[in-house]
Amino acid sequence: MSDQLPLWIDTDALKQAASDCVACDTCLDVCCTSYTHPEIERTPKNRLSIILRLLNGETVSDTDVHTIYTCVECGRCDTVCPMDIPISSTIADSKVVLVAKGFGPLPKHNDMVFNLLKNRNAVNKDPKDRLSWLGDEADAAVHQTSDTLLYLGCMASYLDTDTAKASYDILKQAGISFTLLEDEFCCGIYPYNAGKITEATAVFNELYAEFKKRGIRRIIAPCAGCYRAFSAYYPRVLPGFDIEVKHMAQVICELAEAGKITFKPAGGPVTVHDSCKIGRKSGVYDAPRTILRQMGFDIREIAENRENALCCGAGAGVRSIEPALSMGIGRQVLDKAPTENVISTCPFCIFNLGYTAKKNGLPHTVNHIASFVRPYLTP
């Protein structure tokens, strides 16, 4: 098995982490999947027990494999484990072992990755339409010479185009020199999260080569998933990766503090939802709140916020295999949000929470920080 695993997968460390669990049940209180299927123990401690059996060469069932793949990898369990087990990363890396042993991923993941590689995006859209929202400006944007890249990501390019256009407009108004990729390959987070490391590494290498060819030294990403991929996964898989990565919320905050953009006076109650990948996983909490407070908005927090924030339910490929589970988790966020106006930093969170609100007849609107503040820009 070890010959099939990348060098950065440490099976001894995974086994130790799984062995360290004392089954204290502390993680059950924060796991967003533990209460969803009482007949199947979808809990962090059970997932660790499955991983231990996997690494000990014991049999794992189809139900066991599905249980591993229904973890959204939100990381809330990491914050409460009294044994300091890196639970979510242990579960994430175990998927690489599952794939190497022929147990994973699930058929839907394989279908998604196949279409991703064929269409170069994770939402199965025609790549020719990726910049249609930009109209006549698209040609000039992709041929702009700059060492700063606005990397839009699949969700913003095709499904949440308000976020893409808002990010573009804000940088333009601030006078920032930046470029776009005409043929923007998906960042590869989906195959990475599915444990399909061969495919993920191929995507990572192709994109990194393109970045180097274009002379890119800084990436601005509106998507929390893309931000996480470039800031954490690429350096792990490609040790020479040396490109600075910023999330769009951080950039807006910096531009406002430097006086390069200003906003009209605003006000009213809003709620910030902390996306797991930019929040708990990356420690970026203040940027969207700073922007909104400077504009005059009244931020009313969900009780579970910042490092304790609730997951939207769509992470780690879970939405593609169990949309009902994703919406059930997302419903928890909306039910606990003290305002109907929810601001996010991730197009995938926006999509899942917005879809959940629509399907359940809830009054909430969910917007990206960029698309929310753009109408308030001072000309």
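Predicted model: local features only at pLDDT ≥ 70, side-chain atom pairs only at ≥ 80, totals over all residues.
Local features require pLDDT of at least 70 and side-chain atom pairs pLDDT 80 or more, whereas totals for chains, interfaces and linings use all residues. Residues are numbered from 1 along each chain as its sequence is written, and side-chain values use heavy atoms, without hydrogens or water.

Nonpolar cores were defined as sets of buried Ala, Val, Leu, Ile, Met, Phe, Trp, Tyr and Cys residues joined through side-chain atoms within 4.5 Å; buried means under 20% relative accessible area with a 1.4 Å probe, protein chains only. The largest core holds 125 residues. Phe211 and Phe230 have the most contacts inside it. Helix H12 (residues 224-237) gives the largest share, eight residues. Apart from this core lies another of eight residues, including Val72, Cys74, Val318 and Ile329.

Pockets were found on a 1 Å grid over the protein atoms alone, as open sets of points where a 1.4 Å probe fits, with protein on both sides within 12 Å along at least five of seven lines; lining residues have an atom within 4 Å of a point. The largest pocket contains about 780 Å³ of space. Its lining comprises 38 residues, with Met112, Ala122, Met155, Tyr190 and Phe348 nearest the centre. Helix H6 (107-119) supplies the largest share, five residues. By class, this lining has 24 nonpolar, 10 polar and four charged residues.

The second largest pocket contains about 300 Å³. Its lining has 18 residues; Ser88, Ser89, Arg228, Tyr233 and Lys281 are the closest to the centre. Five of the lining residues are nonpolar, five polar and eight charged.

Methods
Buried < 20%, exposed > 50% of the residue type's maximum accessible area, 1.4 Å probe, protein only. Helix = DSSP H or I, 4+ residues; strand = E, 2+ residues; numbered from the N terminus. Points joined across faces, edges and corners; volume = space filled by probe spheres on them. Nonpolar A, V, L, I, M, F, W, Y, C, P; charged D, E, K, R; others polar.
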